[in-house]
Amino acid sequence: MTSSLPLLSIPYVPLNKIIDFMDPSSLVSMSLCSQKSRSVIKTHRKIPIDGRLHISFNDERFHISFNTFLEQFPVLGVINLSKMPSSVREEFIKLNGKQVPVRLNSQRGFLLTYWEDEVEGLKSLTDYITSLFSVDVLEITFTKKSIWMIDWVNSRQQTPIATAICEHGKDILTEEEMLHILKECPASLETVVYPSPPPNFKFRENFKKIDCLILSHGLWVTIENLLAMDGIEILLKTSNLSCMDINVFLKHWLTGGCPRLKYFMANVDDEDFDSMFTDLWDNVVIVEDFRQYRSPFGCVNHLHYGYDLQRADGVTATVCHQENGDMIIVFWPESVYEHV
């Protein structure tokens, strides 16, 4: 025999502790039961939610979740009504005067909601979550089809998002779409672009200040673009940069350019490898042992047979060419690497 716990009738102090210990998906499900439960959660929760509010879209559904550095905790799914199994048609929540069909994701314990217009659903539920927890959207994952999310987030809050990820590497963006991501996307921490830009794409403007930029298709990036970037990590999974371009880049860094940069990776043709150190060989130290380097955003590299150059301020750049053609340059004070 089981009995229910009259949660909302519990005294103030223990109720606070119970609500503070509940995970976000449970709190959201509870809040949707009634206006009273929603008000109790808004009033009594004192501990901030662990993670950044993340809105994501793929071809089938939207997800609203809280993301930490290592894990994602979904709290709501938004799916088109046409994809709802008939077995859940009698389960509903009431939101903004509408009866919204729902079912529970049995594996992760969060609610899946069904809407005739899933974009309307995403916007309504995002407003609901941000109000419930007094937070802003800080991460978005979108595709070519949902690039409108950039302007939507910009219009709904003053807080800039931290991370923006454009998915679906097989897509090809138009010039307008690519420029929109590079110029208008408000991400202050990390921008990741997997789709290809249009053929012959050029970017002739200044880059926004951003901590991490990852381009799956970086063939359009010129040495002029590289010198204009102001980041901590820059990763170009494909590139047209030459060893001579890297030589120009290293000289720029040695004179104080790119002062925030800690990690750079690009796929570089090594046919003229020696040209990379033209006019620099007198300052190069060859290092043959293994060193492990962890970048600020978590990339771990085992560096072997690198070339060290030290700047006047004591910061060292290690240039290491991998077997797969990736040119990795890390910038460190000695304390952040270890011999392996």
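Me: Is S134 buried or exposed?

Reply: Start with the scale. Buried means under 20% relative accessible area, exposed means over 50%, and partly exposed lies in between, with a 1.4 Å probe and protein chains only. S134 has a relative accessible area of 64%, so S134 is exposed. This is a predicted model, where local features need pLDDT of at least 70, side-chain atom pairs count only at pLDDT 80 or more, and totals for chains, interfaces and linings use all residues. Residues are numbered from 1 along each chain as its sequence is written, and side-chain values use heavy atoms, with hydrogens and water left out.

Me: Where does S134 lie, and what is its phi?

Reply: Elements first. Helices (H or I, at least four residues) and strands (E, at least two) are DSSP runs, numbered from the N terminus. S134 sits in the loop between α4 (118-133) and β7. The phi of S134 is positive, about 55°, although S134 is not a glycine.

Me: Now C258. Is C258 buried or exposed?

Reply: C258 is buried, because its relative accessible area is 10%. C258 also has a positive phi, about 50°, and is not a glycine. Its loop runs between α8 (243-254) and β12 (263-267).

Me: Which residues does L226 contact, leaving aside neighbours within four places in sequence?

Reply: Contact means heavy atoms within 4.5 Å. With those neighbours left aside, L226 touches V221, I234, L241, F249, C258 and F264. L226 belongs to helix α7 (residues 223-228). L226 counts as buried because its relative accessibility is 1%. For scale, the C-alpha atoms of L226 and P14 are separated by 56 Å, and the two residues are 212 apart along the chain.

Me: How do I read the contacts of the whole protein?

Reply: Look at sequence separation. Take the contacts with a separation of 6 or more: residues 24 or more positions apart account for 57% of them. Of the 340 residues, 50% count as buried. The secondary structure comes to 8 helices and 17 strands. Along the principal axes, the C-alpha atoms fill a box of roughly 80 × 45 × 35 Å.

Me: Which residues of helix α6 are buried, and what do they pack against?

Reply: Helix α6 covers residues 175-184, and its buried residues are E177, M178, H180, I181 and L182. These pack against β7, α5 (149-156), β8 and β9.

Me: How do β13 and β14 pair?

Reply: Two strands pair if DSSP finds at least two bridges between them. Strand β13 (residues 285-294) and strand β14 (residues 300-310) run antiparallel over 8 bridges. F290 stands opposite H304 in β14. The two strands form a hairpin with 5 residues between them. In that turn, G298 has a positive phi of about 95°.

Me: What shows where empty space is left?

Reply: A probe the size of a water molecule, rolled over the atoms, shows it. The rule uses a 1 Å grid over the protein atoms alone: a cavity is a set of points where a 1.4 Å probe fits but cannot get out, a pocket is an open set with protein on both sides within 12 Å along at least five of seven lines, and lining residues have an atom within 4 Å of a point. Grid points are joined across faces, edges and corners, and a volume is the space filled by probe spheres set on the points.

Me: What volume has the largest pocket, and which residues lie nearest its centre?

Reply: Its volume is about 430 Å³. The lining holds 20 residues, with R52, F69, T163, E190 and F297 nearest the centre. The elements giving two or more residues to this lining are β1 (52-57), β7 (137-142), β8 (163-166), β9 (190-193) and β11 (233-236). For classes, Ala, Val, Leu, Ile, Met, Phe, Trp, Tyr, Cys and Pro are nonpolar, Asp, Glu, Lys and Arg are charged, and the others, Gly among them, are polar. The lining of the largest pocket divides into 9 nonpolar, 6 polar and 5 charged residues.

Me: And the second largest pocket: what is its volume?

Reply: About 210 Å³. Its lining includes S31, R38, K94 and Y128. Both α3 (35-44) and β4 (92-95) give two or more residues to it.

Me: How many cavities of 30 Å³ or more are there?

Reply: The count is 2. The largest cavity holds about 70 Å³ of space. I181, L182, T191, F207, K208, I210 and L213 line it. The second largest cavity has a volume of about 40 Å³. Among its lining residues are F207, K208, M229, E233 and I234.
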